[in-house]
Amino acid sequence: MGHGVTLPSAVFRARTRPPRRILGGPLQGAVVITFPVSVPAAEDVSGSVCDLCGTDRHVAVRLEARDYEYGVPGVFRLARCPACDLYFQAPRPALGSIPTFYPLTYPVYGDDPVTGWLFRVMFWLEARRIARLIGPRGRVLDVGCGAGAALAAMAHRENWELYGVELDPGAAQRARALGFNVQQGDLIQADFEPGTFALVRMGHVLEHFREPLRALKRAYDLLRPGGILFGETPNTACWDFRLFGRYWGALHVPRHITLFCEKALRLACRQVGFEEVRVIPRLRTVGWSAGLQNFLSDRWGLRVPPNGRVKWYPLLIVPFLPVTALQALVSRPATIAFVARKP
Ligand SMILES: [Zn+2]
């Protein structure tokens, strides 16, 4: 990552501030993003036809946000489809600009000293759920497997045949070094045998795709009949998004390109052929915790380190657990898990 990319400049109305530099340790100066960066002109909502339902109703830009965590420069606009409630960046980012959204300081999940332990607990719990879904045998593909932390939790659990696909070459290499069969690249182009997987895991990856429907279709094709799609993604139909808006912790622009809610997610799964779609609320405080950090960073000048999380971030998790639990109870959580079956 960290390719120098020059993108066309444009006029924007949002308030501007010199972008925060991404500094720190041995990675200093490694992120090369050339200014000025791409910002769509106010009236430009090209690419804002809803990919999911293709509605002819007016798809409008709902908010403009910046990257308050890693300081990737730019103002990113999110449009909402009034028919299916899908949120997506409008215009959609060019494929070539997507690698610049991931600075070298972007932690591979499970890797970050501040929140890594939390991810390891979650992966352990997930491996248990996967065992309940498919039993002790079968081929499992982890999409966006990072450095292999979730694969490692699965390997510890059962004797599954484990595969991974990961865009980042360094992370893919590390997962391979752990002994996993990991292809580096995009899910769509990856060379796996269709119709053979018992389960495809998409843990917090769907929202990173420029074309999430194609990714879902590819997962569908790779699964064997009766195979299970299992994943997790943010849910815009939650209280914290309403409250925080552009600061919402799960917004995570520019890395999140498409944001679902339960309704949109069910529609997307069914559209590619899945049946028995189940959506399950998850206890994740990120909407609140990172939301508060984002707010403090933008409004109060809080300095966020290059890994995107302040040192005392874990303290931001505990106070929001009760409200998150309440949200899960009334089906308004910031994160939803989904399980769908290929007929
Ligand atoms: Zn739509």
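D85 is buried, because 20 other C-beta atoms lie within 10 Å (a residue is buried if 20 or more other C-beta atoms lie within 10 Å of its own, exposed if 12 or fewer, and partly exposed in between, with C-beta atoms placed from the backbone). The structure is a predicted model, in which local features need pLDDT of at least 70, side-chain atom pairs count only at pLDDT 80 or more, and totals for chains, interfaces and linings use all residues. Residues are numbered from 1 along each chain as its sequence is written.

D85 is located in the loop between β2 and β3; helices (H or I, at least four residues) and strands (E, at least two) are DSSP runs, numbered from the N terminus. Although D85 is not a glycine, its phi is positive, at about 70°. A positive phi of about 55° is also assigned to H252, again not a glycine. H252 belongs to the loop between α5 and β9, and this residue counts as buried because it has 24 C-beta neighbours inside 10 Å.

Two cis peptide bonds are described here. In the loop between α5 (239–244) and β9, which contains P254, the peptide bond from V253 to P254 is cis, with omega near 0°. A cis peptide bond also joins A90 and P91, with omega of about -5°; P91 is placed in the loop between β3 (87–89) and α1.

An open sheet is formed by 4 strands in the order β1-β2-β3-β9, with antiparallel pairing (two strands pair if DSSP finds at least two bridges between them). The antiparallel pairing of β1 with strand β2 (residues 76–80) extends over 5 bridges, and A60 stands opposite R80 in β2.

Parallel pairing is found between strand β7 (residues 197–203) and β8, over 6 bridges. Within this pair, G203 is opposite E232 of β8. Strand β8 (residues 223–234) is largely enclosed by the rest of the structure, because 9 of its 12 residues are buried.

Helix α1 (residues 116–134) packs against helix α2 (residues 149–157) at an angle of about 50°, and their axes are 8 Å apart. Axes are lines fitted to C-alpha atoms, for helices over the stretch in contact, and angles run from 0 to 180 degrees between N-to-C directions. The two helices α1 and α2 are therefore oblique to each other; angles under 35 degrees count as roughly parallel, over 145 as roughly antiparallel, 65 to 115 as roughly perpendicular and the rest as oblique. The contact involves F119, R120, F123, W124, E126, A127, R128, I130 and A131 of α1, which meet A149, A150, A153, M154, H156 and R157 of α2 (two residues are in contact if their C-beta atoms, placed from the backbone, lie within 7 Å). The residues of this contact comprise 10 nonpolar, 1 polar and 4 charged, where Ala, Val, Leu, Ile, Met, Phe, Trp, Tyr, Cys and Pro count as nonpolar, Asp, Glu, Lys and Arg as charged, and the others, Gly among them, as polar.

S289 is part of helix α7 (residues 286–300). With 24 other C-beta atoms within 10 Å, S289 is buried. Not counting residues up to four places away in sequence, S289 touches G249, Y313, L316, I317 and F320. The C-alpha atoms of S289 and D240 are separated by 9.9 Å, with the two residues 49 residues apart along the chain.
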